[in-house]
Amino acid sequence: MSRWVYVNGRYLPYGQAGVHVEDRGFQFADAVYEVCEIRGGRIVDESRHLARLERSLGELDMPMPMSAKALGRVIRETIRRNRVRDGLVYLQVTRGAAPRDFLFPDPERVPQTVVCTARSVPLAKVGLEMRPGIHVVTMPDERWARRDIKTVQLLASSLARQRARAKGAGEAWLVDGSGHVTEGAASNAWIVSEAGVLVTRPPSHDILKGVTRAAVFDLARREGLEIEERAFTVEEAKRAAEAFITSASNAVTPVLRIDDSPIGAGEPGPFTEKLARALYSVTELSI
Ligand code: PLP
């Protein structure tokens with residue numbers, strides 16, 4: 001739990017922090033967010049996260065509420081006040097609070113809302129050891145058509161994760177109308193083919209272009225691993241040698257079963273293990 005919360009220029013105790021009932025984040029999901037991992041007191045890939053925040057805002061015709069440098073100061077102060085060494089920092093920017101109207105308020109008169117929280121997550125303390133493998137279940141992708149924008153409009157993702165949990169799985173793999181996996185409810189989806197090629201869906205409006213995904217690309221290039229950016233079907237994934245998910249909160253997490261099909265030997269495979277262990281050798285770690 002975050003004990004101190006940044007809200008519009010002030011650091012407030014958790015129980016007292018809030019935004020207006022007419023905030024457009026609350027009423028229209030008119031807001032974007034970022035989650036960065038904090039590891040050993042350092043922020044993982046801050047520049048990439050802030051660049052994506054700016055892009056998401058731009059796609060919704062919103063400017064950055066302050067410079068990336070100033071947002072970086074807010075992030076650091078929130079981490080410091082919450083004494084987080086290993087965990088996650090969450091940043092949300094909304095279009096602000098205005099009488100409910102589908103049309104945007106005048107940005108000259110309505111300031112954007114900025115919220116930042118930070119909390120310790122014990123899993124991040126796993127250090128260089130790999131995270132335990134998970135099971136995933138596949139289900140139709142019911143989200144909107146602009147999944148490349150990291151909006152807080154997460155109901156379909158929340159329902160998917162909840163349905164996965166009800167089946168004892170750690171993540172849902174969402175499937176498009178042609179039977180291809182788009183991504184996880186809150187992660188990018190990867191397989192390793194029998195030929196040892198890393199396969200993940202190319203960036204488009206269908207998926208969020210993950211920051212951890214980009215780090216895995218950097219790592220794969222450095223290690224001379226082959227990557228194919230293409231969509232894969234559920235059937236192909238079930239036959240894969242290995243599978244894993246990537247996200248700021250899950251790093252590289254092995255997938256050991258998809259629906260009822262064990263993947264590979266049902267244990268984390270060598271490619272996944274290599275990527276999981278070396279991930280932070282390619283990420284930006286800023287203090
Ligand atoms: N895809 C979706 C839908 C996500 O919500 C996330 C992260 O929350 C990701 C992918 C992974 O992105 P990142 O590696 O930047 O955390």
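## The second largest pocket

Helix H2 (46-59) is the biggest contributor to the lining of the second largest pocket, giving three residues. Helices here are DSSP runs of H or I with at least four residues, strands are runs of E with at least two, and both are numbered from the N terminus. A pocket is an open set of points on a 1 Å grid over the protein atoms alone, where a 1.4 Å probe fits and protein lies on both sides within 12 Å along at least five of seven lines; lining residues have an atom within 4 Å of a point.

This is a predicted model, in which local features need pLDDT of at least 70 and side-chain atom pairs count only at pLDDT 80 or more, while totals for chains, interfaces and linings use all residues. Residues are numbered from 1 along each chain as its sequence is written, and side-chain values use heavy atoms, leaving out hydrogens and water.

Back to our pocket: its volume is about 270 Å³, taken as the space filled by probe spheres set on grid points joined across faces, edges and corners. Among its lining residues are Arg48, Arg52, Arg55, Asp148 and His205. By type, the lining has four nonpolar, three polar and five charged residues. Nonpolar covers Ala, Val, Leu, Ile, Met, Phe, Trp, Tyr, Cys and Pro; charged covers Asp, Glu, Lys and Arg; the others, Gly among them, are polar. Domain 1 (4-120) and domain 2 (134-286) each supply at least three of the lining residues, with bounds from an automatic or database domain assignment.

## The largest pocket

The largest pocket has a volume of about 1000 Å³. Its lining counts 49 residues, and Tyr33, Arg161, Ala185, Ala186 and Ser187 are nearest its centre. Elements giving two or more residues include strand S3 (31-39), helix H4 (155-166) and helix H5 (211-223). H4 gives the most, with seven.

In this lining, 19 residues are nonpolar, 17 polar and 13 charged. Why does the pocket lie between the two domains? Both domain 1 and domain 2 give residues to its lining, so it lies between them.

## Around the ligand

There are 18 residues around the ligand, with Arg52, Glu183, Val211, Thr212 and Ala248 coming nearest; a residue counts if one of its heavy atoms lies within 4 Å. A polar side-chain atom of Glu183 is 2.6 Å from a ligand nitrogen atom. A polar backbone atom of Val211 sits 2.7 Å from a ligand oxygen atom.

Notes
Polar contact = N/O pair within 3.5 Å; in protein donor to acceptor, adjacent residues only side chain to side chain.
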